[in-house]
Amino acid sequence: MTRLVLEKNQLFIYLAAVSSGLILGILNPQLGSRLEIMVWPLLGFLLYSTFTQVPLTHLREAFYKPKLVLAAIAGNFVLIPLAVACLLLLAPNDPAVRLGILLVLLVPCTDWFITFTQLGGGDTKQAIAFAPISLLLQILLLPLYLWMFLGNEFQLSLAHGGMIWAFVGLIIVPLVLAFLTQKCSANQPKGEQLINILAWFPVLLLAIVMFIIASSQVTIVLDSGTLLFHLLLIFVLFLLVAAVIAKFLSKLIQLSSQQGRVLAFSFGTRNSFVMLPIALALPAAYELAVVVIVFQSLVELIGMMVFLWWVPKQLFR
């Protein structure tokens with residue numbers, strides 16, 4: 001089985017992992033709780049292996065086609081946050097749910113969006129070139145976005161030491177290690193082989209993390225039936241709005257169809273698992289934020305299956 005086949009079938013892998021986790025949590029709640037201790041080291045290695053696939057040492061390549069880069073930045077970091085602000089009006093008046101929605105919708109994906117761009121016939125080289133810019137900008141801008149949306153409420157959450165530890169220990173440290181790995185591996189056959197091996201881990205590790213979270217959070221999930229339908233509406237609307245923004249920007253600055261597809265997949269995919277450590281480190285009162293993020297990733301993957309047909313066949317022929 002090639003890695004591309006694994007990535008193409010990741011939706012079914014994640015659905016199987018979540019379903020199995022929920023069943024285990026119902027049958028043996030104590031075991032699910034015990035497994036939770038494994039989440040943090042798994043997330044650390046997951047993020048490290050994922051960041052090694054983002055070309056952090058090739059930032060200059062993004063500026064070969066500046067129009068696309070500017071459109072991607074404007075869409076992801078200006079227009080998408082405005083759209084999220086409107087969608088937040090539809091969200092329940094629950095701080096944990098609203099924080100979860102903000103965490104997951106404000107940050108664009110930097111890994112599987114490249115896979116979907118490739119499968120959808122987009123300009124994969126430009127998608128790869130934009131990924132490190134996207135990752136660096138979202139790390140810098142996310143605190144600002146949360147402060148703008150939540151104000152004092154965000155400051156109270158940020159005061160929780162675990163959230164800061166999760167951000168530094170599980171995002172900044174893996175990011176630096178990934179950069180050093182890429183730097184040391186440049187033009188080294190063994191180094192490139194290591195990065196290729198690490199590329200197999202993100203899908204498998206994320207499936208294990210989802211399995212553990214589902215098994216340990218099963219009670220919350222079962223009590224969130226009506227909430228999930230509410231979230232489904234918000235996340236489906238988000239995908240539609242993302243496609244409209246991609247079409248608008250593409251026409252505005254006259255991008256090619258291949259470049260327009262890059263925008264569609266970039267705007268439609270979000271960095272859900274990168275936000276998981278932050279959500280897991282929140283106080284107990286915010287545990288619903290984890291459910292929101294995991295649920296969004298499943299809705300998004302189903303949406304991407306639709307995008308793979310719709311974007312190249314209808315939206316950007």
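Which residue with a positive phi follows H7? Gly121 does, with phi near 75°. Helices here are DSSP runs of H or I of at least four residues, numbered from the N terminus. The model is predicted, so local features need pLDDT of at least 70 and side-chain atom pairs count only at pLDDT 80 or more, while totals for chains, interfaces and linings use all residues. Residues are numbered from 1 along each chain as its sequence is written, and side-chain values use heavy atoms, with hydrogens and water left out.

Helix H7 spans residues 112-119. Of its 8 residues, 6 are buried, so H7 is largely enclosed by the rest of the structure. Buried means under 20% relative accessible area, with a 1.4 Å probe and protein chains only. The buried residues in H7 are Trp112, Phe113, Ile114, Thr115, Phe116 and Thr117.

The partner to consider next is helix H8, residues 124-150. The axes of H7 and H8 come within 9 Å and cross at roughly 170°; axes are lines fitted to C-alpha atoms over the stretch in contact, and angles run from 0 to 180 degrees between N-to-C directions. H7 and H8 are therefore roughly antiparallel to each other, a term for angles over 145 degrees. On the H7 side, Phe113, Ile114, Thr117 and Gln118 meet Thr124, Ala127, Ile128, Phe130 and Ala131 of H8, where contact means heavy atoms within 4.5 Å. By class this contact has 6 nonpolar, 3 polar and no charged residues. Ala, Val, Leu, Ile, Met, Phe, Trp, Tyr, Cys and Pro count as nonpolar, Asp, Glu, Lys and Arg as charged, and the others, Gly among them, as polar.

A cavity is a set of points on a 1 Å grid over the protein atoms alone where a 1.4 Å probe fits but cannot get out, and its lining residues have an atom within 4 Å of a point. There are 2 cavities of 30 Å³ or more, the volume being the space filled by probe spheres set on the points.

Terms used
Helix = DSSP H or I, 4+ residues; strand = E, 2+ residues; numbered from the N terminus. Parallel < 35°, antiparallel > 145°, perpendicular 65-115°, else oblique. 1 Å grid on protein atoms, 1.4 Å probe; cavity = no way out; pocket = protein on both sides within 12 Å on 5 of 7 lines; lining within 4 Å. Buried < 20%, exposed > 50% of the residue type's maximum accessible area, 1.4 Å probe, protein only.
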